[in-house]
Number of protein chains: 2
Amino acid sequence: MKWDNIQEFPCSVARALSIVGDRWTLLILRDSFMGTKRFDKFQKQIGLSRHRLTDRLNKLVEHEILRKTPYQEKPVRYEYKLTRKGVELYPVLMTLAKWGDKWMDGGDGPPMEYLHTQCKHKMSVDICCSECGETINPKEVIPQFGPGLKAYSERVKALKS
Amino acid sequence: MKWDNIQEFPCSVARALSIVGDRWTLLILRDSFMGTKRFDKFQKQIGLSRHRLTDRLNKLVEHEILRKTPYQEKPVRYEYKLTRKGVELYPVLMTLAKWGDKWMDGGDGPPMEYLHTQCKHKMSVDICCSECGETINPKEVIPQFGPGLKAYSERVKALKS
């Protein structure tokens, strides 16, 4: 499997990783969720070279995860804001953070805590069933082939015949 | 920032990514959750070279995300099973899958679907508040400095003085 053609592969995890499966990219998105918008601030916080940061930001813009808009005219300067598609990566970042908080805090407790304004408690995220709302236990979830796999198999068959 | 010392950095997302922020690693974990345990099967499914796959599996064993146990004596052969720490990465994989299903299905629908045995519905995962159980809207979550950041700042200050 090559990453260049992974978007063709019938797996949503692999497809998602073909865009965001790079740790620098995920750190950029983390900073976006914390409110960072400008190139220099991303660079200062992440410590990535200008070249590599440009590369990652361009890819995120190309895939419509960040939107690049000018905030200044002379000289022109841009800022990067999360699109709807980008905002929907929030659960990925929050579940990574929760795992890091639990397994990699070095005994110090979490570096960041999260206040839920609706219930006023410090919270972490659980994953819940979209249908019944119950917290998910991995043992209670059965993966099944979906329509995307059928369509893929038929395309492969057509190519071979 | 270098990945070699990122575990020292006071950010749970960065710390988590220092271990699982590699797309091959996340694909290995995806296959673990689908029941794959043996080297040859991982290799067949992911298409990674033996050298690279060994490297990733060893790292996951070293960090106690997978446990390596012999399943055969002569010649000795091993299988790799998720530990508790590994199982708790399930939300990361499921939120990635959901995002890929929505934004990268190419119009074919999801390659895999998930049946929740508790409510008998096809489901996807939402993230919910650990305290009140409500579905999370990113705008309703306020990040705040936690004890891990304070401890880190104090260590840095002590090193400088």
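I call a residue buried if 20 or more other C-beta atoms lie within 10 Å of its own, exposed if 12 or fewer, and partly exposed in between, with C-beta atoms placed from the backbone. My model is predicted, so I note that local features need pLDDT of at least 70, side-chain atom pairs count only at pLDDT 80 or more, and totals for chains, interfaces and linings use all residues. Residues are numbered from 1 along each chain as its sequence is written, while chains are lettered from A and ligands numbered from 1 in the order in which they are written.

**Entry: helix α1 of chain A**

I took helices (H or I, at least four residues) and strands (E, at least two) as DSSP runs, numbered from the N terminus. How many residues of helix α1 (residues 12–20) of chain A are buried? I found 9 of the 9, so this helix is largely enclosed by the rest of the structure. Val13(A), Ala16(A) and Leu17(A) are among them. The cover over these buried residues includes α2 of chain A, along with α2 (23–33) and α6 (90–103) of chain B.

**Entry: a helix pair across the chains**

Next I looked at α2 (residues 23–33) of chain A and α1 (residues 12–20) of chain B, which pack at about 170° with axes 10 Å apart. Axes are lines fitted to C-alpha atoms, for helices over the stretch in contact, and angles run from 0 to 180 degrees between N-to-C directions. α2(A) and α1(B) are therefore roughly antiparallel (under 35 degrees is roughly parallel, over 145 roughly antiparallel, 65 to 115 roughly perpendicular, the rest oblique). Arg23(A), Leu26(A), Leu27(A) and Arg30(A) meet Val13(B), Ala14(B) and Leu17(B) there.

**Entry: the whole interface**

Two residues are in contact if their C-beta atoms, placed from the backbone, lie within 7 Å. By that rule, 76 residues of chain A are in contact with 76 of chain B. Helix α6 (residues 90–103) of chain A gives the largest share of chain A's side, 13 residues. That side divides into 46 nonpolar, 16 polar and 14 charged residues.

**Entry: Ser130(A)**

Where is Ser130(A) found? I located Ser130(A) in the loop between β5 (125–129) and β6 (141–145) of chain A. Ser130(A) counts as partly exposed because it has 18 C-beta neighbours inside 10 Å. Leaving aside neighbours within four places in sequence, Ser130(A) is in contact with Met123(B), Ser124(B), Val125(B) and Asp126(B).

Terms used
Nonpolar A, V, L, I, M, F, W, Y, C, P; charged D, E, K, R; others polar.
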